[in-house]
Amino acid sequence: MRYFKICLLLFVAAVLQCTLLARLTFFSTQIDLLLIIVISFSLLNGSKTGMTIGFFAGLIQDILIGRFIGIHAVSRMLVGYLIGFLEHKVFKENLIVPFLTTFAATIISEFIIWFIGLFLFWHYSFLNAVRQLVLTAALINAILAPFVYNRIYKAKL
Amino acid sequence: MSLARFYRKPIFIILLILLVGGLTLVRFTAQERTSTTLIEQSVNALFSPLQRGVTFVQNKLEETFSFFGRIISLKKENEQLKAENERLKAANNRLRQLEEENWRLRKLLFMAENVEHKMVPAKVIARDPSNWFSQIVINKGRREGIGSNMAVVTNEGIVGRVIEVTNDSAKVMLITDNGSSIGIRSRRTRDLGVAKGQGEQSKFLLLDYLALESDVRPGDVFVSSGLGGVIPEGIVVGSVTEVEEGYLGLTKRAKLEPAVDFSKLEEVFVIIDPVTNSE
């Protein structure tokens, strides 16, 4: 039942992310609901859950709308794995935790995508990207993260 | 500690397997593909009706709210439109005369008239939410005759090209995407150049490889040249906002503002007939 609920959550979040949320832009960036969900699961359940959910959340997004299938799967999996190490090191009730970790995780996730992209075709400067988009995206995700985290924490998924 | 290490070991192996698997997938899908896998088709078939549903509801809600928001200004707008209509009627008459004259002259010069393209209308049902790619998904696919590399347009200009097709949906790479480049030509000076997308980080296109002696100025409109063999010629791409010296001073480059407002993209047309150049 737990797996079914998680799958359903990822399913709904993926649809929302490509439709409703993709139209809501804040300073040219969008809310990354799937990443926030991955971070929340990582903090609450550890690396194993974080990386598994991260991989599948990224894979769904890649198949639905991505050009390079696997790029978000890898980035979200690694972020889920890394953030999962904090599971026993932070107070889970403290909502500052998802705020700060999501901020950092967004930057790490974007860095991983940029790094993989370097081997494919593009020539972006990551520092330019950080200045123009990544910091804003990190802040927007971080602001929304405590609400999503709290829902997942209370639902005990 | 040893227990923790024991516990972490299998995770690390799974992580490595997923990492290698994921990166292999990226490498495999980075090449131009003419068909999609069964897994992609199944996932898209599962999600596509939901995306259509959510987008439909969202569009209806936006329409309703914008209608109530604008009801006060509608009367004033109506009067302005009436006046504009009169002005446009006069302009239209003048243009008709010019069109007839143009047609006569073309015939005299033995040039083929502009080809009317066969187009399929489609709705945008999803957008790429990432900060690195500019793509959309439309609700028409192989069943309606859409195939890879077909041009996607609106009445304002070029939107992009189809990069992946399933039976009932297609992924479209926008001209603003980092991987997009189109051959273009100035409407005024006939100078050729290439419009490259710069990704989500800039809404402008980079107009590169302009001849050094070209007389391109801000405000000049560029249309597709048809030279790439993918986008038919004559479709508006955008207008120049800034001109500067190119790499090593051998060429000129410019900033091109796309004619299409990608943030408000709802309906598009896919040109489904093969590219034919009239010149």
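This is a predicted model: local features need pLDDT of at least 70, side-chain atom pairs count only at pLDDT 80 or more; totals for chains, interfaces and linings use all residues.
A: The expected span of a helix is 1.5 Å times one less than its number of residues.

Q: What does helix H7 of chain A span between its end C-alpha atoms, and what would a straight helix of 30 residues span?
A: H7(A) covers residues 126–155 and spans only 37 Å between its end C-alpha atoms, while a straight helix of 30 residues would span 44 Å at 1.5 Å a residue.

Q: Where is the kink in H7(A) centred?
A: The kink in H7(A) is centred on Leu133(A) and amounts to about 50°.

Q: What does the span comparison give for helix H3 of chain A?
A: H3(A), residues 33–45, has 13 residues and should span 18 Å at 1.5 Å a residue; its end C-alpha atoms are 18 Å apart, which agrees.

Q: Which way do residues along a helix point?
A: An α-helix has 3.6 residues a turn, so residues three or four places apart point the same way.

Q: How many residues of H3(A) are buried?
A: In H3(A), 12 of the 13 residues are buried, so the helix is largely enclosed by the rest of the structure. Among these buried residues are Leu33(A), Ile36(A), Ser40(A), Phe41(A) and Leu44(A).

Q: How is a residue such as Gln132(A) classed, buried or partly exposed?
A: A residue counts as buried under 20% relative accessible area, as exposed over 50%, and as partly exposed in between. Gln132(A) has a relative accessible area of 40%, so it is partly exposed. Gln132(A) belongs to helix H7 of chain A. Its C-alpha atom is separated by 18 Å from that of Ala22(A), 110 residues apart from it along the chain.

Q: Where is Met119(B), and how is it classed?
A: Met119(B) sits in strand E1 of chain B, which runs over residues 119–127. At 40% relative accessibility, Met119(B) counts as partly exposed. The C-alpha atoms of Met119(B) and Ile158(B) are separated by 13 Å, and the two residues are 39 apart along the chain.

Q: What pattern does chain B follow along the sequence?
A: Chain B has two helices and 12 strands. Read along the sequence, the pattern is α-α-β-β-β-β-β-β-β-β-β-β-β-β. Of the 279 residues of chain B, 39% count as buried.

Q: Which domains does the domain assignment give for chain B?
A: The assignment gives domain 1 (58–113) and domain 2 (118–279). Taken over C-alpha atoms, the centres of these two domains of chain B are separated by 23 Å.

Q: What does rolling a probe over the atoms show?
A: A probe the size of a water molecule, rolled over the atoms, shows where empty space is left. In this structure, the search finds three cavities of 30 Å³ or more.

Q: Which residues lie nearest the centre of the largest cavity?
A: The cavity is lined by 14 residues, and those nearest its centre are Asp32(A), Glu110(A), Pro129(B), Ser130(B) and Asn131(B). Helices H5 (71–84), H6 (96–118) and H7 of chain A are the elements that each give two or more residues to this lining. H6(A) gives the most, with three residues. The space in the largest cavity is about 90 Å³. By class, its lining has four nonpolar, seven polar and three charged residues.

Q: How much space lies in the second largest pocket?
A: About 720 Å³ lies in the second largest pocket. Of its 26 lining residues, the closest to the centre are Thr25(A), Glu200(B), Lys203(B), Phe262(B) and Ser263(B). At least two lining residues each come from helix H2 (20–23) and H7 of chain A, and from strands E2 (135–138) and E11 (251–258) of chain B. By class, the lining has eight nonpolar, 11 polar and seven charged residues.

Key. Residues are numbered from 1 along each chain as its sequence is written. Chains are lettered from A and ligands numbered from 1 in the order in which they are written. Side-chain values use heavy atoms; hydrogens and water are left out. Domain bounds come from an automatic or database domain assignment. Helices (H or I, at least four residues) and strands (E, at least two) are DSSP runs, numbered from the N terminus. The bend at a residue is the angle between axes fitted to the seven residues ending there and the seven starting there. On a 1 Å grid over the protein atoms alone, a cavity is a set of points where a 1.4 Å probe fits but cannot get out, and a pocket is an open set with protein on both sides within 12 Å along at least five of seven lines; lining residues have an atom within 4 Å of a point. Grid points are joined across faces, edges and corners, and a volume is the space filled by probe spheres set on the points. Ala, Val, Leu, Ile, Met, Phe, Trp, Tyr, Cys and Pro count as nonpolar, Asp, Glu, Lys and Arg as charged, and the others, Gly among them, as polar. Buried means under 20% relative accessible area, exposed over 50%, partly exposed in between (1.4 Å probe, protein chains only).
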